[in-house]
Amino acid sequence: MNILLTGGLGFIGSAVVRRLIATTDHVVVNVDKETYAASHEALGVARGHARHVHLKHDICDAEAMSAVLAQWQPEVVMHLAAESHVDRSIDGPAEFIRTNVVGTQVLLEAARAYWSGLDATRKAAFRFHHISTDEVFGSLETLDAKPFDEHTPYDPRSPYSASKAASDHLVRAWHHTYGFPSFVSNTTNNYGPWQFPEKLIPLVSLNALEGRPLPVYGDGANIRDWIHVEDHAEALCLAALGAGQPGGTYCIGPRQERSNLVVVKTICAVLDRLRPDPAGPRERLITFVKDRPGHDFRYAMDPSGAEKVLGWRAKYDFESGLEQTLRWYLDNEAWWGPIRAARYSGQRLGKAG
């Protein structure tokens with residue numbers, strides 16, 4: 001089987017590529033534009049593997065997408081390519097609309113044309129899996145509010161989440177209008193090795209190792225549900241390779257809510273144990289900064305539906321997953337050091353508004 005995967009040099013995409021190469025015999029055709037957050041190193045065992053093909057293309061390029069589909073004849077498309085950082089979407093929403101909305105429409109049309117030309121057997125087996133976020137559902141405003149599930153109405157609050165909501169709607173519209181065999185999965189905040197250091201956990205972890213301030217938005221009370229990227233990659237592969245059904249929605253999560261402040265304090269405690277700072281406990285570095293515009297209070301999802309359909313459940317608890325991730329950072333400065341030096345040094349983003 002050939003699998004076309006977009007965004008496979010990104011954080012989640014590379015984890016999916018690694019898993020597919022390690023656990024299946026399928027050929028993975030990895031289309032990635034190679035933006036600022038792309039990492040060939042994150043492919044690990046897949047880099048240079050005979051069953052992994054990397055093609056540098058923009059998903060907004062209709063001619064390129066059609067040519068890739070025609071050449072590689074995939075049975076499955078896994079669409080992960082996206083701009084994904086809320087703070088960057090506040091500073092520059094246009095690129096999020098272009099990639100997440102226009103790019104998804106271009107890919108859908110190219111895939112639909114390809115699918116329409118397949119014979120009956122291959123047409124019935126084809127699947128288009130669109131990977132999305134829990135942020136499309138908006139914000140849970142209280143601690144006891146019911147978690148999001150597959151029936152939660154959409155209520156995006158940021159340019160990022162609005163662009164992902166739009167792409168989800170396009171995928172569902174292509175299914176209902178054209179009978180196109182597409183489905184959507186939504187997930188919670190991912191963390192783990194190889195994450196570009198603009199996101200909360202790598203940013204705080206690396207700042208803590210360097211003795212720099214640990215920025216916490218507002219009072220740190222905002223809550224997220226944290227899933228290890230390897231758990232997410234496993235669920236995505238199960239969905240794409242047979243469990244996901246056309247027209248379906250799958251909410252993938254670990255039931256591990258933590259406030260931002262708790263996450264930061266946990267990072268400090270683990271690093272203090274693994275690599276003590278002679279200057280003292282790292283909690284001294286916590287710095288509360290002005291909240292970002294429109295900061296959602298809480299995200300949480302009920303994954304019971306997806307767990308049942310996929311036969312899956314998250315394996316990592318947050319504490320062990322975080323320690324594994326921090327040990328990886330300690331062992332891989334050769335990867336993140338040059339990124340911090342030349343591509344992103346930890347500066348504040350998303351102050352517009």
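Author: A cavity is a set of grid points where a 1.4 Å probe fits but cannot get out. The model is a predicted one, and about 30 Å³ of space lies in its largest cavity.

Reader: How many cavities of 30 Å³ or more are there?

Author: The count comes to one cavity of 30 Å³ or more.

Reader: What makes a residue part of the lining of the largest cavity, and which residues are they?

Author: A lining residue has an atom within 4 Å of a point. For the largest cavity, these residues are V171, R172, H175, H176, S182, F183, V184, G247 and G248. The elements that give two or more residues to this lining are α6 and β6, and α6 gives the most, with four residues. By kind, the lining divides into three nonpolar, five polar and one charged.

Reader: Why is the pair of F128 and F180 called tilted?

Author: Ring planes under 30 degrees apart count as stacked, over 60 as edge-to-face, and the rest as tilted. The planes of F128 and F180 stand at 55°, so the pair is tilted. Their centres are 5.5 Å apart, and the limit for a pair is 6.5 Å.

Reader: What does the pair of F128 and F180 tie together?

Author: F128 lies in strand β5 and F180 in the loop between α6 and β6, so the pair ties together parts that are 52 residues apart in sequence. Ring pairs also link F128 and F180 with Y114, W115 and F126 into a cluster.

Reader: How do you know whether F128 is buried or exposed?

Author: Buried means under 20% relative accessible area. F128 has 0%, so F128 is buried. F180 also has 0% and is buried.

Reader: What kind of aromatic pair do W194 and W335 form?

Author: W194 and W335 form an edge-to-face pair, with 80° between the planes and 5.3 Å from centre to centre. The pair links distant parts of the chain, 141 residues apart, with W335 in helix α12. W194 has a relative accessible area of 17% and is therefore buried; W335, at 11%, counts as buried too.

Reader: What makes K123 a charge over the ring of W115?

Author: The rule asks for a charge within 6 Å of the ring centre and within 35 degrees of the ring normal. The charged end of K123 sits over the ring of W115, 4.6 Å from its centre. R224 lies over the face of Y299, at 3.9 Å from the ring centre.

Conventions
Residues are numbered from 1 along each chain as its sequence is written. This is a predicted model: local features need pLDDT of at least 70, side-chain atom pairs count only at pLDDT 80 or more; totals for chains, interfaces and linings use all residues. Side-chain values use heavy atoms; hydrogens and water are left out. Rings of Phe, Tyr and Trp (its six-membered ring) pair if their centres lie within 6.5 Å; planes under 30 degrees apart count as stacked, over 60 as edge-to-face and the rest as tilted. Buried means under 20% relative accessible area, exposed over 50%, partly exposed in between (1.4 Å probe, protein chains only). On a 1 Å grid over the protein atoms alone, a cavity is a set of points where a 1.4 Å probe fits but cannot get out, and a pocket is an open set with protein on both sides within 12 Å along at least five of seven lines; lining residues have an atom within 4 Å of a point. Grid points are joined across faces, edges and corners, and a volume is the space filled by probe spheres set on the points. Ala, Val, Leu, Ile, Met, Phe, Trp, Tyr, Cys and Pro count as nonpolar, Asp, Glu, Lys and Arg as charged, and the others, Gly among them, as polar.
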